[in-house]
Amino acid sequence: MPHEPFCVRFAPVLLRTTPFHARTAALSEGQAWRRWAGYVVASAYELSHDREYHAIRSAAALFDVSPLYKYMITGRDAARLLDRVVTRDVGKAKVGQVLYTPWCDAAGKQLDDGTISVLAEHTYRMTSADPNLRWLHRNATGLDVAIDEVSERTAALSLQGPTSRAILQVAAQRDLAGLKYFHLTEATIRGIPVTISRTGYTGDLGYEVWVHAAQALPLWDALIETGTPYGLTPAGMLALDVARIEAGLLLIEVDYFSSRHALIEAQKSSPFELGLGWTVALGKESFNGKPALVQEKARAPAWQFTGLAVDWESLERLYADVGLPPRLPTQAWRTSVPVYSGGRQVGYATSGGWSPLLKQYIALAHLEGTFGTPGSAVEMEITVEHHRRRAAARVTKLPFFNPDRKRT
Amino acid sequence: MNAAGRWDAIVIGADVNGLVAAHYLARAGRRVLVVDSRKAAEQRADVGWVPPQVIRELSLASHGIQIEQPDPWIVAPLAGGGRLELWRDVAKSAQSIRRISPADGARWPEFCTRMRRLAGVLEALYVQPAPDIESREIGELLRLGALGLHVRRLGKQTVIDLLRILPMSIAELLDDWFENDTLKGVLGAAGVWHLRQGPRAGGTAFNFLHHHVGSPAGVFRPPRSSITQILTAMPGVEMRWGAEGAVVAAAGTATGVRSGSEALSAPLVVSSADPRTTFEPLRPQLDAEFVHAVGNIKSRSIVARGTVNLERPADFKTLCLAPSLDHLERAHDDAKYGRTSERPYVEAVATDGHLDLHVQYAVTIDQALVERVASALGVPAGQVRLEPQAGHLYHGELTLDQILFMRPVPGWSRYRTPIHGLYLCGPGTHPGGGIAGAAGRNAARVILRESKRS
Amino acid sequence: MAVLYDAIVIGGGHNGLVTAAYLARAGKKVVVLEKRPRVGGAAVTEEIFPGFKFTMFSYVVSLLRPEIIRDLDLPRHGLHILPLESTVTPMENGDYLAAWGDHDETRRELYRHSPRDAEAYDEYGRLMHHMAHAVRPILGMVPPDPTSFDPRDLLALLRLGRHFRSLGAERLHALVKLMTMSSADFLDEWFETDVLKATKSASGIIGTFLGPRSPGTAYVLLHHYMGELDGVFRAWGFAKGGTGAVSEAIASAARGFGAEIRCDAPVARVLVKGGRATGVALENGDEVSAKVVVSGLDPRRTFLQLLEERELPAEFVSDIRRFKFRGSSGKVNLALDALPSFTCMPGVGRHHRGAISISPSLAYVERAYDDAKYGEFSRRPYMDIVFPSMIDPGMAPPGKHVMSVFVQYAPYHLNGGWNDAKREAFGDAVVNTIESFAPGLKSHILHRQVITPADIERITGLSEGNIFQGELALHQLFFLRPAAGWAKFRTPVRAYYQCGAGTHPGGGIMGASGRLAALAILGDGA
C-alpha cells in the first residue's frame, strides 16, 4: 500500500530531508550537504568543521542522525528473531540495555552493524546503516513477531561531549548520573516524550535522543535553548568523522563492505577480521553464520583491524625533502591507502586524518595476520608533492581516545 | 512409550518412492518403519516407468508385479467423426495416421525413433542421482564425462536434438513434424501434464519426453503398474497406517518422527512427502535462504483426478480429449488468470469397470468443472466424481528450472537436507514425479553409500 | 570495368556496415550493396513528414559493443549517445511507477509502493550485475560446436564449462533460473509490486513471440544490466539523430577506411561456381565479383533467396526453413504539435525525457500476448514510448515533437493477413490505448505513421518483420544460431559468410555479429 497519496508525490524531488531540516538548513553557512541513506544532512554548518569538532571534545555537539534505519521488533518471538540474526546474545539482555552488534550471512561474513535497544519486554528497536527490512522478514518465517519499519517516523539526535549530561539533565529535568553506558531510559523534554540512550559514535560521554518525527523541531529547539549556555554546537558529519576515527569505530562502505555488496570474496569481512570478536557470542545455540564463525575462531586471524599512529618525525622528513612543512589532512579521508612492512604491502588503511585532540596523524587499518599486533612498526603511504612516499607508523590498539567520562 | 533405537530408519509416506526406499534399506539389514497418514493404501494403479533395476533388485517379478501394455495405447475422437487409434507397433500407427494425413503418417516412424533415443538418455539420467556439475570429486567428474560420451556416441543428430529440443515448446516441436491437429493434441497433452503451462511454453518438450520414458518407441503415455500394491504387501518393513509423520530434529540432527502425541525415534528419517510439508516443522532450525528457496518451489496444482462410473464397459483403454494444441493452449489461458478451464483437457483410462480421470486445468474443483468434464465425455454429470485438490502430485512442477541439480531446491538435489540424518525421496526430488520408484532407489543408495563412509 | 573486390557485403544494415568497416580497416577492398536509398536497414532515421525526423523502426541503442565504438572511433564519425534514464509506467488507477537515474530517488519511489520491494530492488540489481558479468564473455565469443571432436571446439567448450563453474553455486543456480524461467515467475521470487514486475518483464518479451509468463523470457532481463556494465560507454541510450545516426557513423567509419557503399543496388542472387561464391548479380543484371561474399540479410534470405537450393545440403535447408521468425512488433511514429499530458503526471516533466512504458500489470501484458497467439493484434498493446525530440531537439521543429511508439503485439501472421484497413485499425488501437492514459493526445497529432510487421518486411527485408532476424529463443541461440554446425559465420558455400543478427549473439543494435564475422573472414585468410 502506498504510504502517502500518490498525487502528493508528483513533484519529483530528489532526496529526502530529515525532520530537523527546517532548523539545520537555516544554520548552514556554507551550504555543505551530503547524502546519507537517501537523505541530505549537513557536512558542516560553519564554513569549516573545526569548531564543531572541538565542541565534541570540550563542550557538546549536536548531530542529526535521523537517516539511520530503525525497526521496531515486537512480539513473543522478538528476541528469538534478533538472536537468530545477530551475533550477540539478545536473550540475555535486560530491559533498558542497548547492544551494539554486527550481523552476518550464512558464511559468517558481516552484512551490517547497528544497535538493539531493549525498550520493554518483547519490544526492541534495532538500528542499522543499510536497509534490513527484507532480511528481518526473511529470518522471521515461522516466528510470532511483528517487524515495523519506523525509520521515517522516528527522528534522532546525538548529543556528545563533556557537558552533554548536564545539558540533558536540565532539559529532561532529572538526574541522569545513574544512566549507565549503553543503557536507555524514557524521559520527557519540555513535555515531549523521548527515549534517551547513552550511546554514540564519538567514543565520548554522550547520548542519543529518540523522538517521534512530528515533535522533532520542538525537541531541537528545547535542546538548543537549554544547551547553548553549556556550549552546545550543532555539528555536521565532517566533525563526527574525526571523532569516530579517534574512537576507533568502523563505518560500513568505508572500513568494510557488506557481504551483500561484495562483488568478489575478498571484499567480505568477518566480525573477527574487524575487531568485533567480542560481539560474537559463540555460546548461543544458533545464529546466522555461527558454524563458519566457530571454525574461524579456531584458526589464527587472517586479518586484524587496528589503529595506526603515524610517526611525526618520519612525516616531517618526507615534506622537508621537498622543502615544505608537513601538510596534514584536517578533514578525515575515506580512501584506501596501502600499508607496508619490510617493503611488502601487508594491508591497507581505510579511514584516517589528523586528530586535533591527540595531535597525531591517525588511521584505521586492516593488516594481515601478525602485522596487526599492537606495537608493530609499519609504513603508511603518503603522497607528497605528487610522489608516493612512505611514512613510518606504529600499530596502535584501538580506541585512540578513551576518556573515563565515556563510561562513568 | 518406545525403547530408544527401536528402528534404524523411519520412512514418511507409503507411496511408491517411500516404499521402494524402505525396502532397499530393509534389504541392507535396517529395521524400517513406514508411516502414512492415510487409513489404508489406495487401490489405484501407479502411473510411471518402473526402472528395471528396481524390479530386479527388489524381485518384484516374483512378487507378481503387473505392468499394463494396452494396445492401442490411446484413442482420440476425430473432428469429422471416427477415432484415431495409436498402436504399440510403430508401423501400425503409421498406417492409422496416414488415413488422416499421409504426410504425418510418413514422418511418424522417424519421429518415434528420435524421441525414443532422447528418452533413453533421460532413462540413463534418472536411475542415478542428478549430475553434480559443481563437484570437483574425481568420481563425479568421471561420471559426467561418461555421460557426455554416452550421449555423443548416440550420434551427432541426438546431441543436436538434445540441445535443441529440451528447451523447446512441445507445440513448436510438433508443428515442425506434423500437420494434423488431433494427432498433435494427443501428443501435446503429455507435454503439459502437471504443468501450469500451455503447449506453447518452453520446457514442455522436455516434459513430453519425461512422460515418454519407460515406454517403447511410438508409445507416448507412461506405463501403468501395480507396484505400490505389491510393495505394500511385501514383508520386510513395518507399516503403520493412519499415522501422521512430522520430522523431529534437535540442533540440526534428526531424531525421529512425531505421530500425533507419540514420539517415534530413529537416527535416520526419509521423507517422500512434499518438501514444503517435510520442512514446515523444522523451520526454526533451517537457514533463512533455504526456507525461502523451499517456499519458492513452483507447485501450482492444476490437475483434477477422479472417476467416472460406467454402466457398460468402455470400448477403449485410454481416451484423450484434446482436439488440438490450441485447445490445450486455451485451456491453459484460463488457468493463467486463475480460472478453471472453460473447455478442459480430459483424459480417461478404463480400469476395473470405471474410468480414471485426468483433467486440466483445474484451479477450483467444483460442480461447474464436473459438468464440463461430463459434457466433454458425453456422460451424465452424476456419474462423474472429482477428488478434492490434494496438492501437486509431483510435489513441484517439472519446469526446466526445477529439474536435475535444481530439484527440489538448487544445491540440494541429492536427497540430503540441511538436517543431518533427514533425507528426501519423493517425487519432489530427482527425477521427479511419474517415475515409479527411481527417486526412492536413488535416495536409498545415497543413504547406504554415505553410511558406509561414516 | 571488371573490378575484383576482396569482399562484397550484401545489405547495409548496421552489422553489414560493421563487417565492411573491419574488413576495410584490415586493408581489404570492400563494397557494400544496399537495396534502399540509404543504409541502416532497421536502424534508420527518415524525414517522413517535412521537419519531423522519425527514428523509424529501432529507437534506442542497446548494447552497442564498446570495442566497436573504440575500434572504429565512432564518436569522431558522429556517434553521440544521449542519456535515456527514466522509465515511467502509468497505472490504470491514475498512479504511476517511476524508475529514475538516481538510485536513492528510485528507491524512494519504489518504497511508496512497497518497502520490501525497495530493498529487494537493490539485491536484485546486484545479482543481475553479477549475472551480466558472467554472461558477457559469451556475447563476444564464436560459439563452439558441441557435436564436433575438433580440439579447438573441445577446448572452447571446456573453457566455457570452467567459466561457469567458477561462478560458484549460488550464481550458477541463478543463471540456470534466468535461462529457463519466465520473466514473470523469476520476478515473482523477488517482488510483490505488480506494476514493477510488469514493466521489468515487458523488457523480456521484446522481439519475441512469447508472453511474460512464457518460460525463456527471464534471460532477456539481463540485457539492460549488460548495458550497464559498459556504463561509461553508455551502451544504453538514445543516439543523437536517432538510430539512423548510428548507421551513418558506422558507414562513415567504413568509408574512412576505404570501403565503398552503393545504395539503390538490390542484390538478386549470389553467384556460385564449384561450390564457391564468386560474386553477386544485382537485380538490374549487373554482376560484381569478389573473393568473398558476406550476407547481412536474415538467414532465410541469405540462404533460401540468394542461393539455389541445390547449392546447400538438404539437412541445412530444412534447418533454415525451421528457423522461426514470427514477427510480433509494430511501430507507430507520431508528429505532434505538443507533448501529451499523462493523467498520472500532468503537464510537461522529466518523464518526457525518458521512456514511458505502457505495462500497468502482468495480466495486461499477458493478455496482449494472448491476442497475438490466436492471430490478432493486441487490442490493448504493450508499448515502449520515447519522445526523441525531448532528448535531441533537432528531431522536430522547435516547439513541436516526435513520439516513437514501439508496440507489441502485432503478429506477422494476422488472421486474414495485413492490409491498409488492418494497418489503420492497428494504429487506432495504439493511439486509443495511449489516449486512455494521456487524454488529449489525439488532438495533438499532426501526422501518423503506422508500421506493421508486413511493412517492416517490405521496407527492410526482415523476414516476417522479425526485428532480431530470427526469434531469440533458447533453441535458436548460440551454437544453434541459425543452425547446428553453422553458427560460426561461415556457410556450406565456401567464401560465403553470414554477418547479420541471425547469427550469434543475435539482435539488438550490438554490431557484435558484424565484428565476429569480419574476424572470421580475416582469420580464414580472405
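Predicted model: local features only at pLDDT ≥ 70, side-chain atom pairs only at ≥ 80, totals over all residues.
**Confidence.** Begin with the whole complex in view. The predictor assigns it an ipTM of 0.89 and a pTM of 0.88. Next, select chain C and colour it by pLDDT: the average is 92, and 98% of its residues score at least 70.

**Domains of chain A.** Domain 1 is built from two segments, 17-68 + 152-235. Domain 2 covers 69-149, and domain 3 covers 300-401. Over C-alpha atoms, their centres are 25 Å apart. Where they meet, nine residues of domain 1 of chain A are in contact with eight residues of domain 2 of chain A. On the domain 1 side of this contact, four residues are nonpolar, five are polar and none is charged.

**The five-stranded sheet.** Stay with chain A and display its strands as a cartoon. An open sheet of five strands runs in the order S6-S7-S8-S5-S9, with antiparallel pairing. Select residues 98-104 for strand S6 and 146-149 for strand S9 of chain A; these are the edge strands, each of which pairs on one side only. From one strand to the next, the twist averages 25°.

**Inside the sheet.** Finally, select residues 110-120 and 123-128 of chain A, which form strands S7 and S8. Four bridges join this antiparallel pair. Which residue in S8(A) stands opposite Val118(A)? Show side chains here: the residue facing Val118(A) is Tyr124(A).

Definitions and conventions: Residues numbered from 1 in each chain as written. Chains lettered and ligands numbered in written order. Domains from an automatic or database assignment. Contact = placed C-beta atoms within 7 Å. Nonpolar A, V, L, I, M, F, W, Y, C, P; charged D, E, K, R; others polar. Pairing = 2+ DSSP bridges. Helix = DSSP H or I, 4+ residues; strand = E, 2+ residues; numbered from the N terminus. Axes fitted to C-alpha atoms, helices over the stretch in contact; angles between N-to-C directions. pLDDT = per-residue confidence, 0-100.
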